[in-house]
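User: I have a structure to study and would like to go through some of its residues. Could we begin with what a contact is?

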Amino acid sequence: MRTRASGQALAKEMRTVELTDAEVEALGSQGYFVRDGFLGEARAREVRAAALARVEAGTLKPAGIRRGADHALDTSVRGDHIEWVLPGAAPELEALLLRFQSLGEAVSSGAYLGLGRFDLQLACYPGGGAHYARHRDAFPGQFNRRLTAIWYANADWKPEHGGVLRLFPEDTGAPVEVAPVLDRLVVFLSEQLEHEVLPAHATRLALTAWFYGRGT
């Protein structure tokens, strides 16, 4: 059991994120970058355990598509189960919130995106071919998501498990596939990159932060 003091130490450790020049360049030229080892293996396994505990507790709900009156469940389009991660969550998940906050600050500073608030969502694809069809993360309207950051929590992932993220960069048109391995971070411009989750044949865990512009 984690003590309050150890939880505070974990939170402090998770605060600092710095982007490399290569990551800033990739985000500007390609619209995305990938970083392995975002937390370090030991911390990553702790966050994975906390996320898996939420799944096993049955708190996640089937994800829908569209918003408002048009909201609907359609597993032919989207087959994951989700839960929003809020302050007061398990210490490991709260620490990840702080890590994402620091990531947003680093991107704002390094890539001049002017990011503000963000939402964090835990998603579980239960296997059995669950997937998410090609889409963009930004909805029409002025209060768009600006940046998407996905952190994967899948230990011992194998190609036969599926659940690969496929990105469609605008500059090349050639899709890029990203395996959802433990402690991998994928960051991309929400309004620019279409993407999809290919069918998952094993449980697939991810925590996604969506950043909005300042003042929204």
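Analyst: Contact means that heavy atoms lie within 4.5 Å. Please note that this is a predicted model.

User: Which residues does valine 107 touch, not counting residues up to four places away in sequence?

Analyst: Valine 107 touches Leu19, Leu27, Tyr112, Leu113, Leu115 and Leu147, with residues up to four places away in sequence left out. Valine 107 has its place in helix H4, residues 91-111.

User: Is valine 107 buried or exposed?

Analyst: Valine 107 is buried, because its relative accessible area is 0% and buried means under 20%.

User: How far apart are the C-alpha atoms of valine 107 and glutamate 23?

Analyst: They are separated by 9.5 Å, although valine 107 and glutamate 23 are 84 residues apart along the chain.

User: Now salt bridges. How many are there in the whole structure?

Analyst: A search of the whole structure finds 13 salt bridges. One of them joins glutamate 41 and arginine 45, with the closest N and O atoms 3.1 Å apart.

User: Where do glutamate 41 and arginine 45 lie?

Analyst: Both lie in helix H3, residues 41-56, and they are four residues apart, about one turn of the helix. Glutamate 41 is exposed, at 53% relative accessibility, whereas arginine 45 is partly exposed, at 38%.

User: What about aspartate 80 and arginine 78, buried or exposed?

Analyst: Aspartate 80 and arginine 78 are both buried. Their side chains meet in a salt bridge of 2.7 Å, N to O.

User: Which residues are linked in a network of salt bridges?

Analyst: Such a network links Arg134, Arg136, Glu170 and Glu194.

Terms used. Residues are numbered from 1 along each chain as its sequence is written. This is a predicted model: local features need pLDDT of at least 70, side-chain atom pairs count only at pLDDT 80 or more; totals for chains, interfaces and linings use all residues. Side-chain values use heavy atoms; hydrogens and water are left out. Helices (H or I, at least four residues) and strands (E, at least two) are DSSP runs, numbered from the N terminus. Buried means under 20% relative accessible area, exposed over 50%, partly exposed in between (1.4 Å probe, protein chains only). A salt bridge is a side-chain nitrogen of Lys or Arg within 4 Å of a carboxyl oxygen of Asp or Glu.
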